[in-house]
Amino acid sequence: MASIHMLDYWFGSTKSPQESIEKAIGLAQKAIALDDTNAEIHGLMSQFYAIKREYDKAIAEGERAVALNPSGADVQYWYAAALVIACRPEDAIPLFQKAIRLNPFGPSRYFLSFGHALRMTGRFEEAASAYKKALQRAPNSIFAHYALAATYSLMGREKEARAEAAEVLKLNPKFSLDYLAKTLPYKDQSVTDNFIGALRKAGLK
């Protein structure tokens, strides 16, 4: 249930994004009260706190998750994803690589968030490759399409950026950069500004 409230936040299908994250945290706290040794819940909690912009708590939960289950692909992923939001992509990259080694057939989100870390460190070609792998696993991932659009835009590949932007609008004709800008919880505002600017250059509004 906590995960569903988080998806509500990301997809923009909630009337109150902040309320959805509060509900996610409340449910995760109940799960932890039932079993404090559940690494996956601590991993998810790291993401919830990162979205809430409580970065220190997010990192502490990520560290706890990895300590509880160091060979868990998902907990490596969640901790890495929280580090990306906290604008520590260099620290996140080896964790994503480990998650993918542990589960090479993992879900689209592994490659999506890995792409974000690579993009933030200026490794645009590698980021584009990661986003394409995310799309191989989930062809209708609007997140991967707009991330790829932004990356192509940053690379100066305008035609490809606009093609990806068109895919975004096919999936969601009401796509809004304003909503996205409000919900991206990066610690460094310039990361959000650069990403939104690249999407605007690709033709999204």
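**Close-up views of a predicted model**

Figure 1. Once neighbours within four places in sequence are set aside, L44 is in contact with S3, M6 and W78. For W78, the separation along the sequence is 34 residues, while the C-alpha atoms of L44 and W78 lie 6.2 Å apart in space.

**Figure 2. The buried face of helix α1.** The view shows A2, H5, M6 and Y9, which are the buried residues of α1. When one looks down the axis of α1, these buried residues fall within an arc of 100 degrees, so they line one face of the helix. An α-helix has 3.6 residues a turn, so residues three or four places apart point the same way. The cover over the buried residues of α1 includes α2 (17–34), α3 (39–51), α5 and α11 (177–183). Y9 has a relative accessibility of 1% and therefore counts as buried, since the cut-off for that class is under 20%. Just after α1, G12 adopts a positive phi of about 75 degrees.

**Figure 3. A nonpolar patch at the surface.** I4, L7 and F11 make a nonpolar surface patch of about 300 Å². I4 is found in helix α1, which covers residues 2–11. With a relative accessible area of 51%, I4 is classed as exposed, because the cut-off for that class is over 50%.

Figure 4. F11 and F143 form a tilted aromatic pair, with 5.0 Å from centre to centre and 55 degrees between the planes. Because F11 lies in helix α1 and F143 in helix α9 (residues 142–154), this pair ties together parts that are 132 residues apart in sequence. F143 is buried, with a relative accessible area of 16%. One aromatic cluster is formed by F11, F143, Y146, F175 and F195, and F11 also takes part in the nonpolar surface patch with I4 and L7.

Figure 5. Side chains of opposite charge can pair when their charged atoms come close. In the structure as a whole, a search finds 12 salt bridges, and the one shown here joins the side chains of R109 and D74 at 3.5 Å, N to O. The pair links distant parts of the chain, with R109 in helix α7 (residues 108–120) and D74 in helix α5 (residues 73–85), 35 residues apart.

Figure 6. The side chains of R88 and D91 meet in a salt bridge with an N to O distance of 2.9 Å. R88 counts as partly exposed at 32% relative accessibility, and D91 is partly exposed with a relative accessible area of 38%. A salt bridge also joins the side chains of E126 and R123, with 2.9 Å from N to O. In this pair E126 has a relative accessibility of 39% and counts as partly exposed, and R123, at 31%, counts as partly exposed too. Elsewhere, a network of salt bridges links E22, K52, E54 and K57.

**Figure 7. Lys187 in a loop.** K187 is located in the loop between α11 and α12 (189–201). At 53% relative accessibility, K187 counts as exposed. Which residues does K187 touch, not counting those up to four places away in sequence? The contacts are Y55, I85, A86 and C87. For C87, which is 100 residues from K187 along the chain, the C-alpha atoms of the two residues are separated by 5.9 Å.

Notes: Residues are numbered from 1 along each chain as its sequence is written. This is a predicted model: local features need pLDDT of at least 70, side-chain atom pairs count only at pLDDT 80 or more; totals for chains, interfaces and linings use all residues. Side-chain values use heavy atoms; hydrogens and water are left out. Patches are made of residues with over 30% relative accessible area and no salt bridge: like charges are joined within 9 Å, nonpolar side chains (Val, Leu, Ile, Met, Phe, Trp, Tyr) within 5 Å. Accessible areas come from the Shrake-Rupley method with a 1.4 Å probe; for residues, only the protein chains shown count as cover. A salt bridge is a side-chain nitrogen of Lys or Arg within 4 Å of a carboxyl oxygen of Asp or Glu. Helices (H or I, at least four residues) and strands (E, at least two) are DSSP runs, numbered from the N terminus. Buried means under 20% relative accessible area, exposed over 50%, partly exposed in between (1.4 Å probe, protein chains only). Rings of Phe, Tyr and Trp (its six-membered ring) pair if their centres lie within 6.5 Å; planes under 30 degrees apart count as stacked, over 60 as edge-to-face and the rest as tilted. The arc is that of the directions from the helix axis to the C-beta atoms. Contact means heavy atoms within 4.5 Å.
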